[in-house]
Amino acid sequence: MKLLDTFLQRVTSYIHAKDARIFVAAELTQHIKQAQQTWIKKGLTEEDALKRAIAEMGSPATLGESLNKIHKPKVDWLLIGLLVTVMALSFLPLMTQTMFSPDLLMRKLLFIVLAIVLAISMMYLDYRKLQKYGYVFFGIGTAILLLLYLFPTEFIHGHPVFVISQLRIESTMAMPFYVIAWATLFHNRTNLFVCISLFVTSLLLFAMNAETVALFMCIVLVAMLFWCSPFSKKIKLIVTGIGFALGNVLLVFFGTTARQIERITVFFNPAEYAGGNGYYYLLLQNVILQAKWIGASDSMAIPVQHTNFVLASVIQSYGFVVAIVLVMILSLCVIRLLMIVLRVRDSYARLLIVGGVTIFWAQFVYHVGMTFGYLPIVTMPMPFISYGLMPTMLGAFTIGLALSVWRRKSLYVKTYDHLDGPM
C-alpha cells in the first residue's frame, strides 16, 4: 500500500483544512479500491490494478487543488449577520428611560462578548467528536440539576440557584448538555428502555427543582429529537402513545391542584383576579391596546421588563414596528437554522441542530404568545433579547452548533462512514 499512501500524501498536501485532508484521504481510498477491484476482475494483478486505478485519478496536484476548493471550510455569513443584528437589537430594552443604567449596559455587553466567543469557538469545534460522549453530556446536565437541588445558595422566584462569585448556575444551564446528549443517544440507537429511564430521571430532577418551564422544554426537546431519530415509525408511534397516556394521567393527579386550577382560571378570567396574578394579564393587554405603531406610548410600570416581559417593554417604548422587526429577525434565525437542517446530509448533525432550534423556538414562540395573551404567563425569556447570561448563551449555543455543522457540511458522505482513514 506504499504506492497508495504516497499518492494520498501528494494529493492532501494541497488541501489546507485538516478535517478535509482526512476526509479526502478516506474518500479517495474507497474510489481507488473500487477501481482496483474492477481491474482485478479484468485480469490484472493486484499491484498492476492499483497502479491503473491511481493513474485514472489524474495528476495529484490538479486533483488536490480541485478538492481543496470543493472542501474548503464554509462560513455561514448569513447566520452570522443575523446573530450580530439580533445582538445589536438586544440593547434596545436597556436604552429606555426607565431601564437605562451604565452598569446594566456593561453587563449586557459582557454577556454578548461571551456569547460571541461561545458561538465562534463552537464553529471551529468539530461537532462529530461530540458523538462519543452522549452519556458524559447527560451526566453533566444531570449533575447541574443535582447541585441545584442539594446545594442551592439562594432561591430566585422560587427557583434554586448556585452562586459562585459572579457566576450564577441555574437549571437552564443543563439544556445545552441535554441537547448534545439526546442527539447522541438517539443517533446511536441507544436501548429504548435506557432512554426512557434517563428521560424520567431528568424530568424528576426538573420537577424536584420546581422548574416547570425547563421541564416543559425538556419534554419538547426529547419528543422532537425522538421523532427525528432513526427509530422505526412503529416504535415512535407506540412510545408516543404510551407517553401521551401517562402524561394525561400525571396531569390529572398533579395538574388539578388548587394552585394549578387557579392559574388556569386566572388565564381565562384575569379580571376576576385583578388584585393578584390577573394584574399581569391586564397590564399586558393595556400595553398592547395603547401601543403605537412607531414611538413610545403611555408609560406603565412593567415588572421585569428587561427579562420576562421584554417584548412588551419594546412595544411600549418603541412601537409595534420595532417589535415586528425584532420578531422577524428572530424568525429568520429559526428559518435559516431549519434550512441548514434540510441541506446537511449527516443525520447526527441534523439531530444536533434540531435539538438546538427546538429550545430556541420554544422560548421564542412562547414568549411572543405570552406577551399577546395567547399563552399563560410563566418565567420564559426571549432568546438574546431578555437581559441575562443564559438567554444570550443558549441562543449562541444553537447558532454555534449550526455554524460548526455548516463549516463541515461537505465532509460527509454516508457510504464512507465505515472508513477510518487511508489504509
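Predicted model: local features only at pLDDT ≥ 70, side-chain atom pairs only at ≥ 80, totals over all residues.
I started with glutamate 154 and looked up what stands opposite: valine 161 in S2.

Next I checked how S1 connects to strand S2, which covers residues 159-164. I find three bridges joining the two, and they run antiparallel.

Then I stepped back to the whole sheet. I read it as an open sheet of three strands, in the order S1-S2-S3, with antiparallel pairing. Which strands sit at the edges? I get strand S1 (154-156) and strand S3 (167-169), each pairing on one side only. For the twist, I noted an average of 40° from one strand to the next.

What lies across S2 and S3? I looked and found helix H7, residues 134-150. H7 runs at about 100° to S2.

Helix H8 spans residues 174-187 and helix H9 residues 192-208; their axes come within 12 Å and cross at roughly 165°. Angles over 145 degrees count as roughly antiparallel, so I put H8 down as roughly antiparallel to H9. I also logged the crossing of H8 and H9 as left-handed.

Last, I went through the side of each helix that takes part. From H8 I listed Met175, Tyr178, Trp182, Leu185 and Phe186, which meet Cys195, Leu198, Phe199, Ser202 and Phe206 in H9. How many of these contact residues are nonpolar, polar or charged? My tally for H8 with H9 is nine nonpolar, one polar and no charged.

Technical notes: Residues numbered from 1 in each chain as written. Heavy atoms only, no water. Pairing = 2+ DSSP bridges. Helix = DSSP H or I, 4+ residues; strand = E, 2+ residues; numbered from the N terminus. Axes fitted to C-alpha atoms, helices over the stretch in contact; angles between N-to-C directions. Contact = heavy atoms within 4.5 Å. Parallel < 35°, antiparallel > 145°, perpendicular 65-115°, else oblique. Left-handed = near helix turned anticlockwise from the far one by under 90°. Nonpolar A, V, L, I, M, F, W, Y, C, P; charged D, E, K, R; others polar.
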